[in-house]
Structure formats: C-alpha cells, structure tokens
Amino acid sequence: MGGTRTYEVRTYGCQMNVHDSERLAGLLEDAGYVRAPEGADAADVVVFNTCAVRENADNKLYGNLGHLAPKKAARPGMQIAVGGCLAQKDRDTIVKKAPWVDVVFGTHNIGKLPVLLERARVQEEAQVEIAESLEAFPSTLPTRRESAYAAWVSISVGCNNTCTFCIVPALRGKEKDRRPGDILAEIETLVAEGVSEITLLGQNVNAYGSDIGDREAFSKLLRACGKIEGLERVRFTSPHPRDFTDDVIAAMAETPNVMPQLHMPLQSGSDTVLKAMRRSYRQERYLGIIEKVRAAIPHAAISTDIIVGFPGETDEDFEQTLHVVREARFAQAFTFQYSKRPGTPAAEMDGQIPKKVVQERYERLVALQEEISWEENKKQVGRTLELMVAEGEGRKDDTTHRLSGRAPDNRLVHFTKPDQDVRPGDVVTVEITYAAPHHLLAEGPVLEVRRTRAGDAWEKRNAEKEGKPAQSAGVLLGLPKIGVPEPLPVAASGCGCD
C-alpha cells in the first residue's frame, strides 16, 4: 500500500454525470490520490459513475466489472467503486452480482467516496451507502475540471417532471435550486482562473426558481451572467418546453454573452404521444417557442432530442414528428430508438413497437434531419465568424493540417492552421467556405488571431503537467469551447430525460 495511489473515473450518461465525475476526481485528489496516466492498465482505484436510463446499462456495467475482476485479484490493494444512477437504483444488488466491488454510493452522497474507500480498506468488506436525499450540493465539493478554459456550473439538481420514459427523477430526487449568489460567486471565481465560457447545468435548467419561489429566476440569472467582466460565452442545458418563457427568450436576445444556441428537446411531434409521455406541451406550443426564438435571435442554431417508436406510436404519429422537424429546421437532432428503461411506466405500456418498424422510422428521420442539417449549414458559407479554438475536436486535424473551433452558435468549424501559434481557448476570425452536414470548413487564411487569458490558462495547465515553465502570453479574454464539458449538443440529453 506504500506510495501514492492512482485513480480512474469512468463516466457514462448525461452532462450531470460528467459534472459529478469532475467532483469525484476533485474529492479523490483532495484525499491524496493522483490521476492514473493515460493508457494505464489499471488504477489503484477505479470508479464507475453509472447511468440507469439505457435498456442494457446494467449488462454493460457488470461486463466491465467482470473485466476488472482478474486484474483486482492479481493486484492487492486495488479497489473498485460504483456510483451514479444505476448504483442509486440497484444498491445491494451490485455487490451480490459482483462481490469484488468495494464501494457502492448513490447520486446524493458522492462526497462520501473517499471515506467509504478508506472504510472498505480498513474493514476489508464492501461498503454500500445510498442516501435518499441530497446531503450536500455538489458544487460545494472539490473539483478537478477537465478544461482549463470552460466549465460546467450546476444551478440545480433533481427534476420535478414525471415523463413516463425517464427514471431520473426517482434517482436524482426532486428539484433543488442553488442560491443565485452562490452560482454567480462560483462563476466569478472560475473567470478569475481563466475560464471564459460556462454552461449552466440542470436536469431541467429553465425550471430554475421553482424551489426558491421566483418564476423569472432563470432569466434574471442569464442577465446577471452578462454583467460578469471577462465571461464571454454562456450556454445552458437542457431546458424543457413547458418552462420556456418569453422572459428567457428576451434575456437570451439582450445579453451579449449568452450564445445564439438552444438545445430544446422535442421527443415527439405527436400530441397523442406527448400526452402518453406526460410531456406537458403540445406541437403548437413547441413550434411557437421556436418561432419566437428565431424572431428574437435570427442566427440561433437550435438542436433537439427525438425518441422514435415510443409505445403506441402510429404511422400518423410519426408523420407528425417529421412535420415538426421540417418546420423547426433543427441544426442538429439527437435521435433515439425507444428502448425500455427498467422502472419507468413506459416499459409496462401496451403497444410496444416491433424493432423492424422502429428501425425503418428511425432511418427515415435520420435521413430527413441529415438533409436539413446540410441545408442549414450551407447558409453559413460566406459568413465571417469568431471561433473559440477547441482541443481534440478535429479527429483529422493532424493529417489535414487544420485546427478546429466552435462558432458562437456551437457549430464545429475546421480551419486552416495559421503561421502563428494558436492555443485552445484562443480566438480566431475566419470566413466559412464549405459546409458539410455536421461541420463547416474555413479553407482560406485565418483573418485574425487573438491570444487570450483562456489560452493562457490552457498553456499554464499543460506546462504544469509537463513540468515546464509557461511562456508569457497576452492578457485579453478568451472564448473556450463548451466542453470538456463536451460541446453541446454532443453530449446533450444523454439520459433522454429532457
């Protein structure tokens, strides 16, 4: 047991889990652990932060746990912990099926992980501790952020909705809001550290205020973010159409650092299916929101989530979904074939759709959205855009000699690498020359490069990793990407609960 112990956190599911994993990493480092090197065969402590909303989530977890069993047997002192939504749901079942697991903890007590690991080591038996309500707001815990220049900021936890396909409210609990002053104080601290883009995060982010008795709290929060000096980009995920009010649209349009981008889950275009889903809006209401957003923010890029093949969905119901897609003209849609979520009302509903029918509908939807995404991207050709230089988003950048960045509306742009040094978090100005369905190209020379404080923060972090002194750089403000937190809407609605 001598020497510094290493850890690895494996994350599954939605943005909330990604953010929780940053907290778990921070807790472990605060307790003296160090992150295992990339490519390490196994860390001393492996933590699974699980998701419970996929049909085979438990099979995947136990498969991964089984893969680690012989490694643990050959490595005295190694520990395995399982947390997240599946742990909250399955509890003692996990150690019964995988007795080599040392710790099981839930969504409400992630702050207990280091204590539970130590207790399991001393007592030499598994520790299962599941809290039924939130013990401490996650943002009060230590954090190891994955990005030096962008950050999640949680404004609420839990959800008060009862969507029939979603088990998240049962596992995350009722909505609980943070105080606005605490949220703004965290953002100001992050900006002082070099962060210049934040993403406001909640299970139902625009319902913020229901717990503190202020229906306009979310729009007020957006406007307050606009007054924070040095904060250049503000995004949020994910809103619910039921709670999307005119004051939020006005705040988005009138607050310069709130980005012209909106992820608005649809799930279905059929009023009949929406009712069966217990989604408290209908097609007319949804399209009305899109129309208002476009009127107020003409260049807004709108993305969505859609479930195909919900129990009882008819051909006519599906045609209504295609109608909404044509009318809304989403920049991007995350489409899911319905699968049973254990523990949800929908899993027990009559009218489960045959796989072949779901697949055919899914392919039609994807083909339509691909066509629309391409058409909408073609409208960007000829525009001059400011991009935040991204890290690791262009898989072919090394071979194409390009870099990648995110436009204000979050579209991914690959651009010609300039002669001067450009760092993630810096800002470049380019002209769009080509459009593909899922990205844009700026093939001409970069028009302007702005070295930023966000780039400085990225350079400093990487220099510290390598044990080198950071080079001096400019002091202007930067525009980071939305992730790691992953850029929206790449990770959007991973639990399909929005």
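**Exercises: pocket lining and a parallel sheet**

Strand E13 supplies the largest share of the lining of the largest pocket, three residues. The model is predicted, with local features requiring pLDDT of at least 70, side-chain atom pairs pLDDT 80 or more, and totals for chains, interfaces and linings using all residues. Residues are numbered from 1 along each chain as its sequence is written, and side-chain values use heavy atoms, without hydrogens and water.

**Exercise 1.** Characterise the largest pocket by volume and lining.

*Solution.* Step 1: a pocket is an open set of points on a 1 Å grid over the protein atoms alone, where a 1.4 Å probe fits, with protein on both sides within 12 Å along at least five of seven lines; lining residues have an atom within 4 Å of a point. Step 2: the volume, the space filled by probe spheres set on points joined across faces, edges and corners, is about 680 Å³. Step 3: the lining has 30 residues, with Arg406, Leu412, His414, His438 and His439 nearest the centre.

**Exercise 2.** Determine the strand order and pairing of the open sheet containing E7.

*Solution.* Step 1: strands are DSSP runs (E, at least two residues), and helices likewise (H or I, at least four), numbered from the N terminus. Step 2: pairing requires at least two DSSP bridges. Step 3: the order is E7-E10-E11, with parallel pairing; E7 (150-154) and E11 (233-237) are the edge strands. Step 4: five bridges join E7 to E10 (residues 197-201), and tryptophan 152 has threonine 199 in E10 as its bridge partner.
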